[in-house]
Amino acid sequence: MKALFKNINYKLLSCVFAVFLLVILILMSVFSVNKTEKQPIAKMVSGNAVEEISEKEIDINSFLNAEIELTLKPNTSGFKLVYTAVPNSTEYEIYRKINGEKGFTLIDTTQKNIFTDTTIITGNTYIYKVRAVIKQKEGQLTSGFSNKVKKKFVWFDKDKKMVALTFDDGPGKYTNKILKCLDKYNAHATFFTLGLQVNKYKSSLKKADLIGCEIGSHTFDHTNLTVLSKKEIKSEINKTDKRIKKIIGRKATLVRPPYGAVNSKVKKVIKKPIVTWNVDTRDWATLSSSKTFDNVMNSVGDGDIILMHDIYRSTKDAVLKIIPALKQKGYQIVTVSELAEYKGIKLKNGEVYREIK
Ligand code: ZN
């Protein structure tokens, strides 16, 4: 061993080491020059470190300023979120807040511009927002947030009885009382509103939408559509849609023609499913809450669509009893679109539905 140590030339060894260090330094400088030669076009702070996104072909400004429109639809497995696809994004971040909580939580990321939240509970109200992300190994960029969407969730069992309560000619001064009762029992209804009335009851419309009720169209001013020209029918539908959209952010999903009057021209011009009824309470004729109650409870069956009007005190009084009584009998109280969805029926534009079984 001693002989081995004696034979080592220490001068040569330190010289080799110095050359080795020099080579490393040169390599490092070459790589860092290469890095700065790429002009970084955006910077962002990720944690405490400033990272660089150096892809020249991405239009960063249009990404950062992208307007993301978020819409939400309940389906049989949860809330389906659909939002604007943002060019160049590598993924989307889904944020959620349960009503009453302080801040939003990142619940998931996905590469698609569709996301279904299945981790929600009946009776809770949820608020969502999303944003787009460009993720690269150098770092990440995030777009601004979408609009926020807020909705109460109610889950239904497709194997249990369902019924759709529908209200025409409103909104009116009794609509809020009906909504409060629906909310209390985790029940939904469909309101076939008049375009003429909606601006007077904006908060009712918003509340209905928030608790999961459906907003349909009963035309603008309750005209018999069968006597109108194509142009006039279109105007009745479009004028009403425009007002509804301004209040709840989307158009009426369904149309109920006044008097249930439909002909082939009406079916052709209305580009939405047409919904009539198979249980007529005749609430407008009797103006009796007990008769309205009996007319529902004596004839109700699975898949029925029940006609009422939320503009009469007697109807409101009846509904406050009908909702718990239906629940007691094991009925789930759903919107017309939910009835179709849970029964596995795809509603078609221009087709008439009087019940969904
Ligand atoms: Zn009517």
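Colleague: Which residues have the most contacts inside the largest nonpolar core?

Modeller: In soluble globular proteins, nonpolar side chains tend to be buried together. A nonpolar core is a set of buried Ala, Val, Leu, Ile, Met, Phe, Trp, Tyr and Cys residues joined through side-chain atoms within 4.5 Å; buried means under 20% relative accessible area, exposed over 50%, partly exposed in between (1.4 Å probe, protein chains only). Here that core has 34 residues, and those with the most contacts inside it are Leu165, Phe167, Leu182, Phe191, Ile306, Ile323 and Leu326. Bear in mind that this is a predicted model: local features need pLDDT of at least 70 and side-chain atom pairs count only at pLDDT 80 or more, while totals for chains, interfaces and linings use all residues. Residues are numbered from 1 along each chain as its sequence is written, and side-chain values use heavy atoms, with hydrogens and water left out.

Colleague: Which element gives the most to this core?

Modeller: Elements are DSSP runs numbered from the N terminus: helices (H or I, at least four residues) and strands (E, at least two). H11 gives the most, with 6 residues. At least two residues each come from E11, H4, helix H6 (202-210), H7, helix H10 (289-297), strand E16 (304-309) and helix H11 (313-328). There's also a second, separate core of 22 residues, with Ile68, Ile120, Tyr126 and Leu141 among them.

Colleague: What is Phe167 in contact with?

Modeller: Contact means heavy atoms within 4.5 Å. Leaving out neighbours within four places in sequence, the partners of Phe167 include Ile178, Phe191, Met308, Thr315 and Val319.

Colleague: On to the metal. Which residues coordinate the zinc ion?

Modeller: Donors are N, O and S atoms within 2.8 Å of the metal (3.2 Å for Na, K and Ca), and a site may look incomplete because water is not among the atoms. This zinc ion has Asp169 (OD), His218 (NE2) and His222 (NE2), at 2.1 to 2.2 Å. The sequence spacing reads D-x48-H-x3-H. Asp169 and His218 link distant parts of the chain, 49 residues apart: Asp169 is in the loop between strand E11 (162-168) and helix H4 (175-184), His218 in the loop between strand E13 (214-217) and helix H7 (230-248).

Colleague: Is Asp169 buried or exposed?

Modeller: Asp169 counts as buried because its relative accessibility is 15%. His218 is buried too, at 2%.

Colleague: What do the side chains of Arg131 and Glu93 share?

Modeller: A polar contact is a pair of N or O atoms within 3.5 Å; within protein, one must be able to donate a hydrogen and the other to accept it, and residues adjacent in sequence count only if both atoms are side-chain atoms. Arg131 and Glu93 make one at 2.7 Å, and Arg131 makes another with the side chain of Tyr95, at 3.2 Å. Arg131 sits in strand E8 (residues 125-136) and counts as buried, at 18% relative accessibility.

Colleague: How many bridges pair strand E3 with strand E4?

Modeller: DSSP must find at least two bridges between two strands for them to pair. E3 (residues 70-75) and E4 (residues 78-83) have 6, in the antiparallel sense, and a hairpin of 2 residues joins them. E4 also runs antiparallel to strand E7 (residues 114-117), with 4 bridges. Phe79 is the bridge partner of Pro74 and stands opposite Asp117 in E7.
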